[in-house]
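Please open the model in your viewer and keep the sequence at hand, as the tour moves from one selection to the next.

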Amino acid sequence: MLLVGEIIKFVYSAYKITSDLGPGEKPVPKLRYLLKRSSKMAVLAGIYGAMNILSFVSLRNISAGMFTVFAQLKILTTATCSSVMLRRSYSMTKWRALISLMMGVLLFSEPIWNKADNSKNPEGGNVILGTAAVLIEVTLSGFASICFEKVIKTDPEQLGIWERNYQLAFGSIPIYIMFMLWEDGGVAGYFGGWSVVAGILALLGAAGGMLVALSI
């Protein structure tokens, strides 16, 4: 599903790049140039791949409720990385607003983490390992988001959102292919396990990544 989401982003970003070309510009040389200059995005693609692996490790060791609670720390880690990496200054009012936002998301997700079947950790799970995995994942999430923003806004090449998304998807695709090969396709096999819900989730994953980029 993650691989399909990246393929969707790759194809759509390529479409947007080629549709915005000026008169006389050829699409193939432009796309080749972007792929050759995608080293920065390849590093970010590796970070996003590591984040997904850490999410799986965490969910195998702690309950979905605990994971949901810890995941809301992304709001604070993103703000902290923004303050450190982009030298932004936040007043106490803004920090209180961020904490209020985090608490609001927790209250909204209360039906998930307050269910009786979510109160127990997975059988044989290691709580310390699961907690460490999700804390590292939320820290990497904040770092990756601000790093992407910094590249977009300060890089001398001044490439646009669609160009960077194209490079990021190109770097992510081989990572997820390696994950599939490592697990030999998983329980469902390489092309099994698909349903309408899985297809919708793949589309939402691709759309979510592009919406985050557009918000930047």
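This is a predicted model: local features need pLDDT of at least 70, side-chain atom pairs count only at pLDDT 80 or more; totals for chains, interfaces and linings use all residues.

A crossing of two helices is called right-handed if the near helix is turned clockwise from the far one by less than a right angle, and left-handed if it is turned anticlockwise. Where α1 passes α2, the crossing is right-handed.

Next, show the side chains at this contact: from α1 select Phe10, Ala14, Ile17 and Thr18, which meet Pro27, Lys30, Leu31, Leu34 and Leu35 of α2. Sorted by class, the residues of this contact are seven nonpolar, one polar and one charged.

Now turn to the aromatic rings, of which the structure holds five pairs. One of them joins tyrosine 12 and tyrosine 15 in a tilted arrangement, with 6.1 Å from centre to centre and 40 degrees between the planes. These two tyrosines are three residues apart in helix α1, and are therefore separated by about one helical turn. Tyrosine 12 counts as partly exposed, at 37% relative accessibility, whereas tyrosine 15, at 51%, counts as exposed.

Then select tyrosine 90 and tryptophan 95, an edge-to-face pair with 5.6 Å between the centres and 70 degrees between the planes. Tyrosine 90 has 25% relative accessibility and counts as partly exposed, and tryptophan 95, at 24%, counts as partly exposed.

Finally, return to Phe10, which ring pairs link with Tyr166 and Phe170 into a cluster.

Definitions and conventions:
Residues are numbered from 1 along each chain as its sequence is written. Side-chain values use heavy atoms; hydrogens and water are left out. Helices (H or I, at least four residues) and strands (E, at least two) are DSSP runs, numbered from the N terminus. Contact means heavy atoms within 4.5 Å. Ala, Val, Leu, Ile, Met, Phe, Trp, Tyr, Cys and Pro count as nonpolar, Asp, Glu, Lys and Arg as charged, and the others, Gly among them, as polar. Rings of Phe, Tyr and Trp (its six-membered ring) pair if their centres lie within 6.5 Å; planes under 30 degrees apart count as stacked, over 60 as edge-to-face and the rest as tilted. Buried means under 20% relative accessible area, exposed over 50%, partly exposed in between (1.4 Å probe, protein chains only).
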